[in-house]
Amino acid sequence: MPSRPARYAVIGNPIAHSRSPEIHAAFAAQTGQVIEYGRLLAPVDGFVAAVDAFRAEGGLGLNVTLPFKPEAFAYARRRTPRAEIAGAVNTLAFDGDDVLGDNTDGPGLVADVQGRVGLALKGARVLLLGAGGATRGVVRPLLDAGVERLAIANRTASRATALRDELAARLHPADAARLSAGGLADLDGGFDAIINATAAGLSGESPALPPGAWRGAMLAFDMVYGPKPTAFMQAARAAGVPRVEDGLGMLVGQAAESFALWRGVRPDVAPVYAALRERLAGPA
Ligand code: NAP
């Protein structure tokens, strides 16, 4: 009797919009892995029960999205160093009683920026907008990639400084010294790349940046993605930033890291990104 495919899923609330099943199906087809990957909608107060049930049915791994990344962190018995620093987990791997938690958002971002986009992060000055879960996930990987300076700026400045202090306490002092934080109003340019990790795009808005903030930027990158340029991308173009990108490549990149963790095989992201971009754009 043929054995059942290895089972994986993405868990969140809401979850119907998630592109992860099609990305992982494409990785599986490309690498010859036999897996089944679905969507798991959990009640906002029912994360642990839903994960327990998934594991009891033989599930081997989960991607975790809003609002459950902090709960997935608590659920993991072991965590990778990057997940430990982030305080958030977007990938769980199950092996009997063992539960490994990882955070692949940062490696997905770094791989996309340095690979597909082609901006070297070593020595770069990077501005990260937002102080939520997405920012948490990418700070350590950006520092590991060798950025010279990483500034976190948030609409609520106190949240940025609190996050900076929390992360800095877990970093090597030399890494912590490269990390700064503040509000949006005082920004005055001098960054090679501006990465929007706020949720503003979900309501069709761009963070309110002073005009000088864009000065010198070579790349504006929005973690949000969609069929049309986001408000942040439009603002960056209007300010003359030469390269403007959305978060679709990061999404594919983080999925590839999860797939490699689960299956021990690293998929080629480029054709999967290209096909997804085409589908997202819809009929010409
Ligand atoms: P979150 O924890 O809810 O963080 C929200 C952040 O956005 C806060 O810093 C908040 O500022 C800021 N914000 C919200 N609306 C704003 C506005 N109108 N103007 C300025 N700042 C605003 O969300 P998250 O988990 O960090 O996720 C952020 C975004 O990243 C989401 O859209 C998510 O989909 C995306 N993301 C994409 C990927 C990918 O693979 N492409 C991966 C991870 C996340 P205050 O503190 O002032 O409220």
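Which residues lie nearest the centre of the largest pocket, and how many line it? I looked this up in what is a predicted model. The lining runs to 49 residues, and Leu66, Ala134, Thr198, Ala199 and Leu202 lie nearest the centre. I then checked which elements give two or more residues to that lining: strand 3 (61-64), helix 3 (69-75), helix 6 (133-144), strand 8 (149-154) and helix 10 (248-263). For the volume of the largest pocket I got about 1400 Å³. Sorting its lining by class, I have 24 nonpolar, 18 polar and seven charged residues.

**Second pocket**

Next I went to the second largest pocket, where the volume came out at about 190 Å³. I found 14 residues lining it, with Ala111, Asp112, Gly249, Gly253 and Val269 the closest to its centre. Which element supplies the largest share of this lining? I noted helix 10, with five residues. Helix 5 (105-117), helix 10 and helix 11 (269-281) each put in at least two. By class, the second pocket's lining splits into seven nonpolar, three polar and four charged residues.

Where does the ligand sit? I placed it in the largest pocket. Helix 6 and helix 10 are the elements that give two or more residues to the shell around it. I listed 24 residues in that shell, and the closest are Ala134, Asn154, Thr156, Arg159 and Glu205. Ala134 was already in my notes as one of the residues nearest the centre of the largest pocket. The class tally for the shell is 12 nonpolar, seven polar and five charged residues.

Thr156 brings a polar side-chain atom to 2.5 Å from a ligand oxygen. For Asn154 I also have a polar side-chain atom, this time at 2.7 Å from an oxygen of the ligand. Leu251 uses its backbone instead: an N or O atom there lies 3.5 Å from a ligand oxygen. How much of the ligand's accessible area does the protein cover? I read off 82% of the 940 Å² that the ligand has on its own.

**Cis peptides**

Last stop was the backbone. Which residues does a cis peptide bond join, with omega about 5°? I found Asn13 and Pro14. Pro14 has its place in the loop between strand 1 (6-12) and helix 1 (20-31).

I logged another cis peptide bond between Leu66 and Pro67, with omega about 0°. Pro67 is in the loop between strand 3 and helix 3.

Technical notes
Residues are numbered from 1 along each chain as its sequence is written. This is a predicted model: local features need pLDDT of at least 70, side-chain atom pairs count only at pLDDT 80 or more; totals for chains, interfaces and linings use all residues. Side-chain values use heavy atoms; hydrogens and water are left out. On a 1 Å grid over the protein atoms alone, a cavity is a set of points where a 1.4 Å probe fits but cannot get out, and a pocket is an open set with protein on both sides within 12 Å along at least five of seven lines; lining residues have an atom within 4 Å of a point. Grid points are joined across faces, edges and corners, and a volume is the space filled by probe spheres set on the points. Helices (H or I, at least four residues) and strands (E, at least two) are DSSP runs, numbered from the N terminus. Ala, Val, Leu, Ile, Met, Phe, Trp, Tyr, Cys and Pro count as nonpolar, Asp, Glu, Lys and Arg as charged, and the others, Gly among them, as polar. A residue is near a molecule or strand if one of its heavy atoms lies within 4 Å of it. A polar contact is a pair of N or O atoms within 3.5 Å; within protein, one must be able to donate a hydrogen and the other to accept it, and residues adjacent in sequence count only if both atoms are side-chain atoms. Accessible areas come from the Shrake-Rupley method with a 1.4 Å probe; for residues, only the protein chains shown count as cover. A molecule sits in a cavity or pocket if more than half of its atoms lie within 2 Å of its grid points.
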